[in-house]
Each structure stands twice: as C-alpha cells, then as structure tokens.
Amino acid sequence: GWPMYAQLLIDLFKYLAPFLRNVELNKPMQILYKGTLRVLLVLLHDFPEFLCDYHYGFCDVIPPNCIQLRNLILSAFPRNMRLPDPFTPNLKVDMLSEINIAPRILTNFTGVMPSQFKKDLDSYLKTRSPVTFLSELRSNLQVSNEPGNRYNIQLINALVLYVGTQAIAHIHNKGSTPSMSTITHSAHMDIFQNLAVDLDTEGRYLFLNAIANQLRYPNSHTHYFSCTMLYLFAEANTEAIQEQITRVLLERLIVNRPHPWGLLITFIELIKNPAFKFWSHDFVHCAPEIEKLFQSVAQCCMGQKQAQQVMEGTGAS
C-alpha cells in the first residue's frame with residue numbers, strides 16, 4: 001500500500017503547489033494546508049521510514065518556498081537508528097557506522113532525464129567527453145526565459161542526485177570514502193562546480209536546494225552532499241555564491257523545528273571551522289539585524305560560549 005499512499009500524497013502536494021508558490025491561501029486552502037502538515041507530523045512520528053523512502057518524490061513536487069513542509073519530510077530517520085547529537089563538540093561524522101550506508105530511495109528519479117541527455121551525462125562521468133556537455137548544461141536545464149519559471153526543477157533534482165550517487169560509487173570503487181579531499185578533481189565535481197558558477201541566481205538557488213534536500217539522517221548521501229556543499233563554499237570564485245549557499249542553509253534553520261540532522265551538521269561545520277572563514281565575509285555583517293540573526297543561530301547551534309569564541313576568533317564583532 002505504500003506506493004499508492006505515496007502517490008496520493010504527491011497528488012495532494014501538486015494540488016497545493018500553485019497556491020503555496022504564490023502564497024495565495026484563502027480560508028479553505030489554509031485548512032487544507034494545516035491538515036497536510038498534521039498528516040506529515042503523524043507520518044514523521046509513526047511511519048518515519050515511509051518519509052525516508054519517498055522523500056525524493058515528495059520534495060520534487062513541493063515548491064521551493066515551502067521550507068517547513070520540506071523540513072518535516074527531510075527530518076525523518078529510521079526508528080532503529082539513534083541520531084548522534086549534532087551539537088556534540090568535535091563530532092566525527094565520518095566515523096559514524098551508518099555514514100557509509102546508502103539510503104533507500106523508492107523513486108525512479110532518472111526517469112525524467114531525456115535519453116540523449118542521460119547518455120551524454122554517463123559518457124561525461126566516465127570519460128569527461130563530450131567536452132561540450134558542461135558548456136551546454138545550463139541550456140539543457142533551462143525551459144523558458146520567464147523569471148521564476150526558467151528551469152526544469154525536476155531535471156535539476158534528478159541530475160544532482162544521480163551525479164552524487166555515481167560519485168559515491170566512484171569513490172567507494174577506489175577503496176575510499178567521501179571527504180573534503182576525496183570528492184575533488186572528478187568529473188562529478190566538475191559538473192557541480194560548473195553549475196555553481198554558470199547558473200544565474202534563480203538556477204543556482206534551485207541547484208543548491210537540490211543538494212540541501214539530501215542533507216538528512218546519517219547515511220552516505222548526507223555525508224557526500226554535506227562535503228559537497230562545504231567544498232562549493234570553500235572553492236567559490238565569488239562571494240555571491242557563498243552568500244547563496246548560506247541563504248539556502250539558513251532559511252531552513254530559522255523556521256520552526258524539526259530541522260534535518262544533516263542540515264545542522266553542515267551549517268555547524270561551516271560556521272565553526274576556521275578554514276571556511278565564515279565570519280570574515282561581508283554578507284555576515286551587511287546589516288545589524290543580519291549579523292544579529294547569524295549570532296543567534298550560531299548560539300542555538302553551538303551554545304553561547306562556544307559561539308562567542310568562534311565569532312571572536314575569526315574577527316566577528
């Protein structure tokens with residue numbers, strides 16, 4: 001019965017999508033939306049594995065601005081798992097036993113890829129040819145020139161997850177595990193770095209959201225995409241990319257709980273590790289209220305004393 005129930009939920013999200021996207025919630029829609037949230041809360045509490053298995057299909061049809069709805073789905077984790085406290089000082093994520101296990105995804109996410117696109121993608125991942133694949137990638141993802149509807153969101157989501165799963169398999173085949181050093185210098189990372197640099201603001205936001213949708217409970221996908229998000233931040237050639245990465249993570253953290261485990265560990269690593277020089281970026285200090293927001297989130301994530309040390313140690317006021 002799970003596939004049928006999942007399809008019913010997808011249909012519900014599709015029905016709600018235009019109202020949620022335009023924030024046009026009249027009284028009946030408000031009631032339907034609240035009812036949907038309640039159903040998700042029951043599923044999160046009693047059937048978390050269902051949300052884990054179908055998270056991709058659900059996130060694929062939920063509009064990008066529905067942050068809390070997505071967080072509810074992405075916060076699910078199997079009942080037989082004990083989540084390590086993300087606020088533990090010096091938590092070694094790569095040492096967790098679950099971190100090398102792939103999550104189950106019961107959605108055929110490659111089905112939306114046109115056959116020639118998939119063929120060229122597979123060829124590029126294996127041989128880095130055709131060389132035109134990267135330069136044509138943006139136009140392959142773009143469907144119109146209308147702001148807000150320029151990109152094929154489903155294709156971006158599928159591309160990100162497929163390239164990520166192929167990258168994990170590639171790293172494992174070399175007898176290694178994903179880390180900040182092993183994910184670099186590969187055809188997979190070429191694609192991600194090209195998207196970060198080449199896409200406009202709208203496209204990059206959708207691309208980074210597709211990565212953030214994989215930051216869930218401890219598993220190999222969460223670990224790989226957490227490293228990828230941090231690597232893209234570290235290697236960004238403009239502060240605009242770093243600001244947008246921060247926005248995608250932060251907007252998921254400033255809504256009501258629950259917050260996905262992988263989202264928390266990624267953001268904590270970003271603001272805590274001096275290698276990322278997070279507190280020295282202009283966008284952190286662009287306005288007093290923004291700076292205050294970052295400080296309060298840092299205190300929630302790390303505790304007041306540790307947050308103060310991190311901010312002062314890297315030049316934050």
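Leaving aside neighbours within four places in sequence, which residues is Tyr224 in contact with? The first legend has the answer.

This is a predicted model, in which local features need pLDDT of at least 70 and side-chain atom pairs count only at pLDDT 80 or more, while totals for chains, interfaces and linings use all residues. Residues are numbered from 1 along each chain as its sequence is written, and side-chain values use heavy atoms, with hydrogens and water left out.

**View 1. Tyr224 and the largest nonpolar core.** Beyond its neighbours within four places in sequence, Tyr224 is in contact (heavy atoms within 4.5 Å) with Gly164, Ala167, Ile168, Ile171, Pro178, Ile183, His188, Met189 and Phe192. A second, separate core of 26 residues includes Leu37, Ile62, Ala76 and Met81.

**View 2. Asn157 in helix H7.** Asn157 has a relative accessible area of 7%, so this residue counts as buried (under 20% relative accessible area, with exposed meaning over 50% and partly exposed in between, for a 1.4 Å probe and protein chains only). Not counting residues up to four places away in sequence, Asn157 touches Tyr56, Asp60 and Ala210.

**View 3. Phe58 in helix H3 (residues 48-61).** Phe58 is buried because its relative accessibility is 0%. Setting aside residues up to four places away in sequence, Phe58 touches Ala6, Leu9, Ile10, Phe13, Phe50, Leu51 and Ile73. Asp11 lies 47 residues from Phe58 along the chain, and their C-alpha atoms are separated by 9.5 Å.

**View 4. The two faces of helix H2 (residues 27-46).** At 1.5 Å a residue, the 20 residues of H2 should span 28 Å, which agrees with the 29 Å between its end C-alpha atoms; the expected span is 1.5 Å times one less than the number of residues. Met29, Tyr33, Thr36, Leu37, Leu40, Leu43 and Leu44 are the buried residues of H2. They cover an arc of only 125° around the axis, so they sit on the same side of H2; the arc is that of the directions from the helix axis to the C-beta atoms. The face turned away from this buried side carries the exposed residues Lys27, Pro28, Ile31, Lys34, Arg38 and His45. Helix H1 (2-21), H3 and helix H4 (67-74) are among the elements that cover the buried residues of H2.

Technical notes: Core = buried A, V, L, I, M, F, W, Y, C linked by side-chain atoms within 4.5 Å. Helix = DSSP H or I, 4+ residues; strand = E, 2+ residues; numbered from the N terminus.
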